[in-house]
Structures are given as C-alpha cells and as structure tokens.
Amino acid sequence: MAKWDNMLAMLWMLRSGKKLTAAQIADSLEISVRTVYRYIDALGASGVPVVAESGHDGGVYILDSFSETPLFFNALELKALVDAYKFAVGAGYPYAKELESALKKVENGLHEEQRHDLSLHTSGLDVIAPSRAPSVVPLLRELEQAVKDGRTVHLTYRKVNSAQADERDADPYGLAYDRSEWYVVAFCHQSRAMRTFRVDRIAALKLTDTCFERPEQFSVSDYFRSQAEEEREEDGPLTVIRIEGEPDTLNKLCSNWHLRHYLTERTDREARFLLDVPSMNKYLPKYLLSFGTAIRIREPLALKLLLQDRAREISRHYMDDAD
C-alpha cells in the first residue's frame, strides 16, 4: 500500500476512538513500528492532533477536538489539481469559480513548505483560453440545470452564416466540450429530431414549465460517435488510408470532425484511417487539398488520383480566368 494510503488508513483506525499501540497499527497495516512513528509525525505536521503516549497504558490516539479528516496529496497530485483548474478555466467550465474555491480549501490545508513546492511545480504551465462571449458561462449553467431537472428550454438560436436567429423549443439531453467549443445535444421540437446546438450561438435561453424524460442510457459521447457513423455515404467497401506529415499537421488532420472516428494507428509521421470508399471519394479530396504540400498520401492510389484530378480542375479554373 502506498504511503498516503497507509496514512489515511491509519487515520481512520485512530478515528474509531480507540487507543492503539504502535505495534497494533504496524501489524494491521503490515508496516514497521518505525514507519508508524514517521506517519504520526506527518499527521501532526498536517494538523491532525495525534497523541502518542508511552508506558504501560500508553498508546496512539486522536484528541476529541479533531472533527475533520484532512486530505493527503503528494506533490504530483497537487500539481494535477491545479493544472486541471487551469484547463477548466481555459475551456470555459461553468463552475470554475466553485472549483477555484475548492482548490483554495485544499491549499489552505497545506503547510508552508508544501505551498512553496506546489508553486514551483505549477508555475510552468498555462492554458491559453479562446475568446468567448461573456454569456456562455451563464448559458452553460442554465442548460446543465435544465438537463438535471428535465426542463424544456426555449432557444433563440443563430445558425452559422444566418442573418436572422430563429426560435425553437428543445429538450436538452447533455453538454459536450469539443474542439474548443461547447455544444448542447437536445431533442428539437421544431424538427422532431435530435440536434446539436453550439452554445455560443444561443442568443437567448428561457426555461419553460414543460418537463421531459431523457432516455436512461443516453450518452452525449455515444451520440457524437453515432452521428459520425450515420454521415457515411453508405456501407461500401472499406479501405486503408495512409497519410504522412509533420506531427503538428497530423494532429490537425486527426482532430477532424469525421476523420478522428476512423483513426486506427498514429505515429509521429504517419496516420492510418479505415474508411468506406464512397465517403473517401466524396469528402476527402476537398479537405485534404487544404493541407497543400504539408501532407503526402501514401495509399490508396485511388485517393491520390482524386486529388490530382481536383488540383487540375482548380488549375484550369484559374488559367481560364487569366485568359
């Protein structure tokens, strides 16, 4: 058992109110008596009033004044908590203030040396947050509450490239953070189907008095994956697609809304996908051309030929313009 687990187990043993000898604790945890005394010192340094009495009736116990169990974290666990808070803030997490408050409670329980060590461990990482409308956080809170309560919401929503927002009622099933944006998956009353709404495009939101029941096994992640599967052209033959490029370029390629679901293997210089031929023929040439010479198609040959044909079409188009 790890040191911190042993210390916590020892703490729970002592909180039972019984006076235990160091030997009894050592036998129970399968550690040495010397280690028990080291743990007593560590607990005392953490603010736990542990008393170790010697003599015939002596033993180890905790004073009655102790009412709360402190949390024990090693340096890397504390660093992970602080870094997780930074990522949460960067993502626009709607409860970042509450997370910050919880983190401060943890930090307040540390002694000076631990706080100094934590500052050193966490000073080298920052998360650059994308700019967002101030309304996104309150919208996320309202949407999450609507999901929890099963309340239908009335949305004023503006689609991309749309000059005018439209009104609709929707049953929010869950929230998702994907590609640096927040989405709500909801059953749209207007279209009578499941839809995905980008939260920053919601101009206004109002809770209604209408209630709904979300399917018990519903999963936002599963829904996103199923949407990618449904957008395949058809159940045609599958083909292996091998693409070479620099690591950063491949990172962008592999994060594509559709392609990421078909990634089968990835190295620093190559990504492999398994995709049906009809979808490859329809979607990939246009998308892959946007990478220019930053990538190289290794296989299949059919995809190379499609990109060649598309490039010739573009070349002829601009040659005609020049004439």
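**Reading the terms in a predicted model**

Helix H4 (residues 75-91) packs on helix H6 (residues 112-122) at an angle of about 55°, and their axes are 9 Å apart. The model is a predicted one.

Q: What is the handedness of the crossing of H4 and H6?
A: The crossing is right-handed.

Q: Which residues make the contact between H4 and H6?
A: H4 supplies Ala-75, Leu-78, Lys-79, Val-82, Asp-83 and Lys-86. H6 supplies Asp-117, Leu-118, His-121 and Thr-122.

Q: How do the residues of the contact of H4 with H6 divide?
A: They divide into 4 nonpolar, 2 polar and 4 charged. Ala, Val and Leu are among the types counted as nonpolar, while Asp and Lys are among those counted as charged.

Q: What makes Asp-276 count as buried?
A: Its relative accessible area is 0%. Buried means under 20%, so Asp-276 is buried. Asp-276 sits in strand E10 (residues 270-276).

Q: Why is the link between the side chains of Asp-276 and Ser-279 called a polar contact?
A: The distance is 2.9 Å. The cut-off for a pair of N or O atoms is within 3.5 Å, so the distance qualifies.

Q: Why does Glu-270 count as buried?
A: Glu-270 has 14% relative accessibility. The limit for buried is under 20%, so Glu-270 counts as buried. This residue also belongs to strand E10.

Q: Which side chains have polar contacts with that of Glu-270?
A: One is that of Arg-242, at 3.1 Å. Another is that of Arg-272, at 2.8 Å. Both distances are within 3.5 Å, so both qualify.

Q: Leaving aside neighbours within four places in sequence, what is Glu-270 in contact with?
A: Glu-270 is in contact with Arg-242, Ile-243, Glu-244, Leu-250 and Glu-265. Contact here means heavy atoms within 4.5 Å.

Q: What makes the phi of Glu-30 worth a note?
A: Glu-30 has a positive phi of about 60°, although it is not a glycine. Most residues other than glycine have a negative phi. Glu-30 lies in the loop between helix H2 (22-29) and helix H3 (33-45).

Q: How do you know whether Glu-30 is buried or exposed?
A: Its relative accessibility is 73%. Exposed means over 50%, so Glu-30 counts as exposed.

Q: What is the phi of Arg-192, and where does Arg-192 lie?
A: Its phi is positive, about 55°, and Arg-192 is not a glycine. Its place is the loop between strand E5 (181-188) and strand E6 (193-198).

Q: Why is Arg-192 called exposed?
A: The relative accessible area of Arg-192 is 58%. That is over 50%, so Arg-192 is exposed.

Q: Why does Ser-16 count as partly exposed?
A: Its relative accessibility is 47%. Buried means under 20% and exposed over 50%, so Ser-16 falls in between. Ser-16 is in the loop between helix H1 (3-14) and H2.

Q: What kind of peptide bond joins Glu-299 and Pro-300?
A: The bond is cis, with omega about 10°. Most peptide bonds are trans. Pro-300 lies in the loop between strand E11 (295-299) and helix H11 (301-322).

Conventions
Residues numbered from 1 in each chain as written. Predicted model: local features only at pLDDT ≥ 70, side-chain atom pairs only at ≥ 80, totals over all residues. Heavy atoms only, no water. Axes fitted to C-alpha atoms, helices over the stretch in contact; angles between N-to-C directions. Helix = DSSP H or I, 4+ residues; strand = E, 2+ residues; numbered from the N terminus. Left-handed = near helix turned anticlockwise from the far one by under 90°. Buried < 20%, exposed > 50% of the residue type's maximum accessible area, 1.4 Å probe, protein only. Polar contact = N/O pair within 3.5 Å; in protein donor to acceptor, adjacent residues only side chain to side chain.
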